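Please look over the sequence and the model below before reading on.

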Amino acid sequence: MTRSRSPRSRNKRRASAPHPLLGWVVKLGLVGLVVLAGFAIYLDAVVQEKFSGKRWTVPAKVYARPLELFVGQKLTKTDFLTELDALGYRRESAASGPGAAAVAGNDVQLHTRGFQFYEGTEPARRINVRFSGAYVAGLSQGAGGNLAVARLEPLLVGGLYPAHHEDRILLKLDQVPPYLVETLVAIEDREFFKHYGVSLKSIARAFWINATAGQLRQGGSTLTQQLVKNFYLTNERSLSRKATEAMMALLLELHYDKNEILEAYLNEVFLGQDGQRAVHGFGLASQYLFSQPLAELKLHQVALMVGMVKGPSYYNPRRFPERALERRNLVLDVLAEQGVVPAEQVAAAKLKPLGVTQRGSLADSSFPGFLDLVKRQLREDYREEDLTEEGLRIFTSFDPILQLKAEAALAETLKRLTAGRGKGIDQVEAAMLVTSPESGEVQALIGSRQPRFAGFNRALDALRPIGSLIKPAVYLAALERPSQYTLTSWLSDTAFSVKGQDGQVWKPQNYDRQAHGNVFLYQALANSYNLSTAKLGLALGVPTVLKTLERLGVSREFPAYPSMLLGAGSLTPLEVAGMYQTLANGGFNTPLRGIRSVLTAEGEPLKRYPFQIQQRFDPGAIYLVQNAMQRVMREGTGRSVYSQLPASLNLAGKTGTSNDSRDSWFAGFSQDLLTVVWLGRDDNGKTPLTGATGALQVWTGFMRKADPLPLDMPLPDNVSMVWIDPRTGEGSDASCPQARQMPYIRGSEPAPGSACGAPAPAAEVMDWVRGWLN
Amino acid sequence: MSKWLVSALAVTALMSGCASVQRGAIPVVDAGAPVSDDERVASRGSNAPVARQPQAIAQDSGVVVMVPGGAASSAPIQSFPASSGPIVGSVSAQPSSNVMGAPVTAPGYPSVAPMAPSGIPGGALAADEQLDGPVLALLTTAQQQQGGGDLNGASSSLERAQRIAPREPQVLYRLAEVRLAQGDAAQAEQLARRGLTYASGRPSLQAGLWGLIAQARERQGDPAGAAEARQQAGGR
């Protein structure tokens, strides 16, 4: 328009007025016009280029695991409702539509939202969940047909933001709730559907209002101008910028229709600042304010958001609720005035509270520790730009319910320890990992004693001496040789010293500075005796033990010093979890994973991180080590757990304490949860905590909240349970009062014992072992 | 960016999404199309795959499930090869040849040979080998996906089943089978071995798992190991 019409009118004028002075004016005018036309062409290119190309970059979105629902699933109603609240489900008397839930006794009726997963679409549907105790007892859909399995949409737990931290959830015009467009137009630009980008009427009205008020009260900007300003221009306030803005608005209207411009506006508009993250567009603002998808919003919520356009910080409903409420009601009044919404509906909406969630529940600072793990795994496969700009959807194994329980257990334990032990605890830092032993998936991760603050991620980066956590590797190396070692082999727990290759003398000591004489192999592990363990390790050879450690999944290389046998080597909590995962998973190693799959922004499958395992040990040897590790909990250094947990809950684990109590470790597992806890100071100073008095307490607190399944490894074919006399380790009759069962690799068990009272014949195997030891 | 380049990249992205994606593949996103609101299914048109819920699950039918529908999914679900004994449950109106457990193979993928001929002793499945609701439903889904050539999807559904029932050897059996079809014989063997640790007292299942191990070892160029595994399979 600008380019084609104006030259013609000037040409006419020149023909009618051939004055010589005017000639210069015309010439100058022509030059000016050419410049203007050139500028217009340039602006036109700018407008079109940015608008037709990729308009926005969208950070990758990271999702928690979807909550699976099926009959027999271990899930309490409380945890389920926590999940629903986090997902922004509205509580209603009867679930009316997607994102609504109704609770009646042990029954929860809900209407899921549906979701696109890697392996397919989960439809939005009405389902009924019935709870019984800690289990799901019934699952049906809609009218009442039984449902085998269903899953909720996953919780959005964060994003991978680029440097400018601009975040949005892109939406299409047909996804907006009723009244959003009408309200926006009514409040911001009444003439939107009539003007060509600029509205003289609006400018005149703004001018009138400002003039009568004597100050700048109202801008005459149309929605198109606002979009141009945000989309193409800087925040500078000048007349030339205003002119450019108007020109671009006209050009934009020339090329694109109202709906396209409106859609762009809905996605571009700035609606708040969440820490470092700029919240753009109504799609994200809806999640940020209400934890709900935009399409589910009701009139009062729509009015609040539209009201915020004028000043997202000034009308921030979390910081200035009264101000925001006033603005919202003003917007609602305008809607009634203009007849957009019936007066009764407005009156009802005005009675509603603001309805914003406590904090931005999807704030990227929520779970920084786990997100850090995800980022690191993604950076191995993707470029930074792909992660921050392409809107990828990252599906993870993160379990927000377990995470919250881990955080609570840590906070409560630290509080209790501070009360009991005083000052030394203040400087103690913490790291914690929860994984699924069978799948190797990381479910919760804490990298700091203040888990919501990003920073040094100790779960991944704190490299600390593991102390006695290494001992299961020593005993596993021994038990892999059933002809030499069984759980009831005698070990000598006596003082000794060895000269290392570097000429230094190594003289290990027990924690209690005592020697315990002859002990069973399992007792040495259960009580974490250093002398017998070191002797056993030296007999096996330090390289053999280090090789076992490597087979357990530790890729770090250690020098073959004798002190390695007692855990002088350092590992990160993540590496410890990887090592214990192999012990917990029957000798099958699985690389720990935090990511399940990646979808493109459009929901197309892009990449999977498949479950991979590798058998590293004979299940029989693992069974024996697990048995000894269960004795750690029943009668050894971990026995304090059963003051808080039921005796029926089989658990296996190991305490770890480094020199002078600088590191307090505990690693242990149930059937379904593997948890590693580390406590210590960043400056590597001394703490008043051992593995048992520190990390184990956090571990126990978490397990009590998580209510795991008891450990129950199936008996391998090559293992048999044998009745023995617990004092001698020799075979015993099952009827003897003291007799207890002990697992042995077939062929290594003691000879069956005679009936009680008679002296048991010495087992040949035991003689052989003893001879070998002495 | 010129249009042909955009569309070429889009096609590449689509294809790489469908095919097995290589490690380190760079995601390419069609720049022109704005993403839908969030991930809501309601707003999604072409992406929505066919309904995944099995329309009819033969309850209490052990591991054999009929999946009505197209030819690709007409084979019964068998989480491990059926023995020559009678099949539990209703297997009506389907060609009986399918009942013998020839796995459905997708065009373009190495076919998985049926393992029944390796001398597995006959006999119906024991009661404890029947699968319950969620696992059965997911195995059915996986079978449909595998039938449609979507091995990654099948694998993903099976891993979902594995998370629900981590100690169910039939899930591991199916996962091993899919890995074999994907060409990952080493993982197929490992998964089958993991399955064996949970299959104590279930001889026909053990035989099936050993049969898979034999195939996997053959693929890995280990005929001696394969023969050994086959002997184990035959001995059960």
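What span does helix α11 (residues 321-337) of chain A reach from its first C-alpha to its last? Its 17 residues reach 24 Å, close to the 24 Å expected at 1.5 Å a residue, where the expected span is 1.5 Å times one less than the number of residues.

## Basis of the model

This is a predicted model, in which local features need pLDDT of at least 70 and side-chain atom pairs count only at pLDDT 80 or more, while totals for chains, interfaces and linings use all residues. Residues are numbered from 1 along each chain as its sequence is written, and chains are lettered from A and ligands numbered from 1 in the order in which they are written.

## Helix α11 of chain A

Helices (H or I, at least four residues) and strands (E, at least two) are DSSP runs, numbered from the N terminus. A residue is buried if 20 or more other C-beta atoms, placed from the backbone, lie within 10 Å of its own, exposed if 12 or fewer, and partly exposed in between.

The buried residues of α11(A) are A:Ala324, A:Arg327, A:Arg328, A:Val331, A:Leu332 and A:Leu335. Seen down the helix axis, these fall within an arc of 140° (taken from the directions from the axis to the C-beta atoms), so they line one face of α11(A). On the other side, A:Glu322 and A:Glu337 are exposed, and just after the helix A:Gly339 takes a positive phi of about 75°.

## Chain B

Chain B has 8 helices and 0 strands, and buried residues make up 49% of its 236 residues.
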